Amino acid sequence: MLPPDELIAKVRDSFIKFWNLIDQHGADKDSFVGNFENALNPFIEQLDLGYTSVFQIIDFDQYEAIISEVVAKHPEISYVVNGRSNHGTRYEVGSTHLHYRNYLQIIAQSDFRANLDIQKKKTMSVVSNTTAADLSQYLRAMRTKPFLLLAGISGTGKSRIVKQMAFDSCPDNSKLRKDATTPGNYCLVEVKPNWHDSSELIGYASQIGRPHYEVTPFVRFLAKAMLYEEQRVPFFVCLDEMNLAPVEQYFAEFLSVLESRKVVNGRITSEALIPAEVFAKYEDQLKKDLFGIQPKEVGVTYHPGGTSDPEAYYGAENAVYDRLKNEGLRIPSNLIVIGTVNMDETTHQFSRKVIDRAMTIEMNLPEGEPFLDFFNNARDLEYNDSPFSADLFLPSIVKAADAVEALSEDNAEQTEWLKKEVATILTELNAALEDTPFKIAYRVQNELMLYFSELWKENNAAEWSDILSESVDQILMMKVLPRVEGDEDLLEKPLASLANFCATGNYRKAAQKVAEMKNRLDRAHFTSYWP
């Protein structure tokens with residue numbers, strides 16, 4: 001059972017989220033809730049039931065009985081239950097009472113609550129045998145880290161698959177589904193060859209004309225994602241042809257901030273991409289550019305409903321902007337960035353800094369009859385009647401320590417074995433990469449543990465040794481081998497050692513890739529992961 005103060009905070013926060021969901025453009029709920037507490041808490045405390053706050057009462061019938069008792073003893077607050085007043089504090093208290101009563105009634109009727117944790121665990125296990133089966137590799141990778149590189153020859157459907165995931169996850173929301181061709185939770189950013197700094201992505205302050213901040217589509221999309229962060233709607237950015245420009249130049253700030261992510265009060269957050277001072281300095285301009293909020297003017301109406309108060313109509317948007325002013329623009333916890341990559345004479349090579357921070361997935365034409373499959377397995381991009389759960393797309397943890405803690409709750413002994421086995425495997429991997437600049441460090445270890453955790457959630461009945469073997473194989477393909485490139489002098493012995501390492505550990509996909517790289521080295525005297 002939660003301590004009283006923690007229970008009050010959690011119930012209060014949960015109720016406000018519920019209220020915001022059903023009334024997204026209403027007034028500030030914190031003000032209403034504060035007046036509600038001030039009106040009722042002193043009288044509830046006098047009943048000597050052990051309650052100091054109305055938000056300790058979470059049973060519907062008990063709430064009805066207590067409110068009736070309080071109003072009977074104190075007629076001066078009968079306005080709480082006898083209908084709302086037209087304005088002022090009484091209106092706010094009466095309105096909050098009705099919404100909180102509805103909230104408790106919904107909870108009381110939800111006799112399926114005990115199944116929620118079980119279903120959350122099962123959500124992952126159905127990935128591999130449902131309509132999401134063909135996406136399971138991508139989903140698992142983005143839950144490990146929400147920055148993917150999709151690499152392959154042109155025309156294999158790299159950008160299309162990003163859009164498909166946006167369609168699959170887009171909720172039945174009129175704003176997000178108003179365009180039949182492009183979901184509202186999808187943003188295509190076409191990288192240009194002349195990008196050599198971050199201004200093309202995250203904008204910049206300009207003194208040309210009236211001082212202002214130059215806003216980009218990327219920044220608008222991140223601000224939009226924040227509006228749906230509490231609802232955990234996945235938002236996808238597709239950086240198309242990502243390596244037409246030097247990635248480590250125009251994407252440097254994002255790559256650095258990506259590594260600062262941590263869980264704070266149950267939400268994954270990061271350091272700021274754009275500092276809070278920018279949003280304070282250019283408030284009127286940025287409110288308009290990001291959310292369409294006009295400065296308040298006498299006699300001006302702001303939407304078809306007729307209100308002249310933008311603060312009331314744009315409640316959710318103003319709440320997000322307050323966060324921007326206080327915290328700056330951080331990577332939203334529901335954002336997934338996916339870059340598409342073609343390796344040819346027109347593109348730039350990736351630095352190890354970029355590859356080290358991404359999950360790389362190679363997309364090639366499938367074996368067999370790929371051009372016949374194009375006709376047989378074609379799928380329209382359209383909205384789902386039952387959108388895929390956000391749990392399939394979004395990470396919940398960012399540190400190996402959190403994965404270890406979760407795994408050890410029911411499997412303490414096996415988790416100790418896992419920690420030692422991972423350390424041994426990575427030590428052997430670095431031995432195979434001896435005398436090269438490609439040895440791995442703690443970031444790979446962290447993401448291996450996260451990937452293991454995600455794979456375990458999908459099939460927690462499997463042998464841990466099998467899950468670990470598959471996890472290492474995938475991490476080799478996504479994190480390690482993309483870093484490896486060079487000529488015979490550098491790579492002849494390390495590739496032979498890697499081949500032996502993969503064969504010993506039964507890492508089949510990585511073994512096949514190492515053999516491909518070795519053949520290219522023998523033929524061209526130079527090799528890399530990229531074809």
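Select T436 first. T436 is buried, at 11% relative accessible area (buried means under 20%, exposed over 50%, partly exposed in between, with a 1.4 Å probe and protein chains only). This is a predicted model, in which local features need pLDDT of at least 70 and side-chain atom pairs count only at pLDDT 80 or more, while totals for chains, interfaces and linings use all residues. Residues are numbered from 1 along each chain as its sequence is written, and side-chain values use heavy atoms, without hydrogens and water.

Stay on T436. It sits in the loop between helix 19 and helix 20 (helices are DSSP runs of H or I, at least four residues, numbered from the N terminus). Its side chain reaches the backbone nitrogen of F438 at 3.2 Å. Now show L490 and P494: T436 is in contact with both, leaving aside neighbours within four places in sequence (contact means heavy atoms within 4.5 Å).

Next, select residues 412-432, helix 19, and residues 442-458, helix 20. Their axes come within 11 Å and cross at roughly 135° (axes are lines fitted to C-alpha atoms over the stretch in contact; angles run from 0 to 180 degrees between N-to-C directions). The two helices are therefore oblique to each other (under 35 degrees is roughly parallel, over 145 roughly antiparallel, 65 to 115 roughly perpendicular, the rest oblique).

Show the side chains at the contact. Helix 19 brings L418, V422 and L426; helix 20 brings Q445, L448, M449 and F452.

Finish at E458, in helix 20. E458 is buried, at 6% relative accessibility.

Technical notes. A polar contact is a pair of N or O atoms within 3.5 Å; within protein, one must be able to donate a hydrogen and the other to accept it, and residues adjacent in sequence count only if both atoms are side-chain atoms.
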